[in-house]
Amino acid sequence: MPIHEKSLIRPENLTTHDKLEIDGVDVSGHWSTFIESRVLTDYNEALQDEVQALPGGEAVHRCWQCGSCTNACTVNAINPDFNPRYWIYLIRLGMEQELLRDKDIVWQCVSCNKCTHVCPRDVNPEGVMKALAHWLELKGHTARSPSTEFDEEFASQVFETGKIEESRVIRGFFRRTGQPLMQDWLIAMTRRMLRHVPVKLLLAMGLQGLLRPSTRSWGAARGAIRDYVARRERENRRALGLDAAAHQGD
Amino acid sequence: MSKPILVVGAGPAGLAASHALAAVGQPVVLVEKERTLGGAPILSGYAKLVPSGEWAKDAIGAMVQRVEASERIDVRRATRITAFDGSPGAFSASLSDGSQVEVGAAILATGFTHFDSINKPEWGFGLFPDVVTTTQIEQMISSGKGVRCPSDGRKPKRVAVLLCVGSRDRQIGREWCSKICCTVSANIAMEIREELPDCHVYIYYMDIRTFGLYEDRFYWRSQEEFKVKYVKARIAEVTSDGERLVLKGEDTLVKRPITIPFDLVVHAIGMDPSTENPGIAEVFGVALEEHGHIARASTYRDMSATSRPGVLVAGAATGPETIDDSIAQGQAAAMAALSAAGIALRAAG
Ligand SMILES: Cc1cc2nc3c(=O)[nH]c(=O)nc-3n(C[C@H](O)[C@H](O)[C@H](O)COP(=O)(O)OP(=O)(O)OC[C@H]3O[C@@H](n4cnc5c(N)ncnc54)[C@H](O)[C@@H]3O)c2cc1C
Ligand code: SF4
Ligand code: SF4
Ligand code: SF4
């Protein structure tokens, strides 16, 4: 729902009692409806600092809430709940609870940077979306999902070899998510490929699966990327006041 | 020798007019009701001025010294005008010290009066010691003592500045914008953040009017370099939970009521018409405009003119003005006074 059409009464703030008597008066059902207060009682000043410490979030404090980013936003055109302007405000004033209500759609940003190009104050809203998604993840607000497993499997292969090999990614993903390798759709797809893909290509694919090729002299790059990722991770966690060591094994 | 020009009020506008006249050889009688010259910036102890960043006591102090040093300017302190008669070129003014002066023209540079926050009781001034005005903050800074909570002298951790206190408010009959308080507030917010880096400053606004070149130098800079936070809300009430002040209002951007604790609340007080104006209107026979400021007869052709020929006006006496505009108007009024008094300047050389 577009933000200006949002109801001020939220379903989760409504409470009713099926059976309730107050001073001898039966107020069961909708007679006992209470609407919980939406009053904000404090600002969390650490929130802006934390998001600013993550890559992309540095300029969030510049925003003056003109709404240009939201108006330009690719995703907002499809999902009116996706509102970068609004989240930036919540970050600035430290309205953490309000922000967490949208934790499941922040990641929908497609990094098209239309917002970045219209922003009159150089806030870099696209960067803020990235930093925010990262913040949610680091703070443990986003549950691990199959797509997290997929991403990690994918990334670990890239870091390891400098390239990806599809069948290995799929196998790794199935292993991580505890799925059987023999799945109907996969069997059907493989059958069809055997029928339609040229033999030469099939052979090449099979060979790649067995040999696990990697980019030439990848070793040095692998080390540098590993170091960088580990350092970044450490810095991010420190900025958020999280224990830097605890995450190392992940 | 030509008759002197009477200048009433020794704030930035009156000082500028007096100096401009003296500089072209014209004698001046400068009448100021206070013992000290300099107007609001000196009398109220402002700190660093907008937009120059100069200390008021240095910047305006230099204007005062220049006037005091001039032998063409006859300064009368703690004095008022009790009667004013005649016509352009031949006015006669009676002073409260009993003297009488014959003058060719008069310039009213009588300025403004600070809004008294007591008139907005819902915002806690006079009720809670930690509710103060921008003038008080200016004094805390200019005295070198720093920004502290008056109740116990502690350094505030969170400060709220409420804009438009005594301006833009039909409830109290003040329908004008005081023009400078947005910029002054942004400036004060930066000064607080500079002195107390751990203190968070929030500005509650309806509109931000940092006009012209003040936009990036004050509004943007306060956000970008000093991380001052701006919240679009007109606060409904300032109360206390016994320990800290509590601001109640609505954050209009999230459409949610707020009750937020603060250590110090600052009223960005506006510029009222001078309380002297009814008396001045009577003595000088000049008209006031609808809000109570001295009315200008013309916006363009005779910029400094009042409703009475030969009596001119400059500065915040005409409505909310900045110091630099008041100075420019003082100089313009000096020129207009010369022509009103019929004083022809001999060509130099
Ligand atoms: C909190 C605050 C901060 C501000 N900070 C800035 C700033 O940083 N930069 C800026 O540009 N502007 C600032 N301003 C505005 C500034 O104060 C005015 O622009 C300026 O004072 C106007 O000068 P003036 O000479 O017209 O009037 P005033 O400064 O008001 O001077 C008028 C003089 O006339 C005298 N007087 C009045 N009536 C009589 C009478 N009947 N007889 C004799 N004498 C009389 C008064 O005593 C006074 O000395 C600020 C205003 C406020 C409220
Ligand atoms: S980068 Fe993200 S937030 Fe910005 S316009 Fe594109 S989808 Fe919207
Ligand atoms: S376009 Fe920039 S300044 Fe405007 S609301 Fe978006 S981030 Fe803020
Ligand atoms: S300058 Fe700003 S604070 Fe002052 S009255 Fe105008 S809008 Fe309000």
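Predicted model: local features only at pLDDT ≥ 70, side-chain atom pairs only at ≥ 80, totals over all residues.
**View 1. Domain division of chain B.** Chain B is split into domain 1, comprising 5-111 + 274-348, and domain 2, comprising 117-270. The centres of domain 1 of chain B and domain 2 of chain B, taken over C-alpha atoms, are separated by 32 Å. To the contact between them, domain 1 of chain B contributes 16 residues and domain 2 of chain B contributes 18 residues.

**View 2. Interface between domain 1 and domain 2 of chain B.** About 1400 Å² of area is buried between domain 1 of chain B and domain 2 of chain B, with 62% of this area coming from carbon and sulfur atoms. On the side of domain 1 of chain B, the residues that lose the most area to domain 2 of chain B are B:Val50, B:Pro51 and B:Pro320, which together account for 36% of what that side buries.

**View 3. Crossing of helices α4 and α5 of chain B.** Helix α4 of chain B spans residues 134-142 and helix α5 of chain B spans residues 181-195; their axes come within 11 Å and cross at roughly 40 degrees. α4(B) is therefore oblique to α5(B). The crossing in which α4(B) passes α5(B) is left-handed.

**View 4. Residues in contact between α4(B) and α5(B).** From α4(B), the residues B:Thr134, B:Ile137, B:Glu138 and B:Ile141 take part; they meet B:Val184, B:Ser185, B:Ile188 and B:Glu191 of α5(B). Classified by residue type, the contact of α4(B) with α5(B) comprises 4 nonpolar, 2 polar and 2 charged residues.

Conventions. Residues numbered from 1 in each chain as written. Chains lettered and ligands numbered in written order. Heavy atoms only, no water. Axes fitted to C-alpha atoms, helices over the stretch in contact; angles between N-to-C directions. Helix = DSSP H or I, 4+ residues; strand = E, 2+ residues; numbered from the N terminus. Parallel < 35°, antiparallel > 145°, perpendicular 65-115°, else oblique. Left-handed = near helix turned anticlockwise from the far one by under 90°. Contact = heavy atoms within 4.5 Å. Nonpolar A, V, L, I, M, F, W, Y, C, P; charged D, E, K, R; others polar. Domains from an automatic or database assignment. Buried area = accessible area lost by both parts, 1.4 Å probe.
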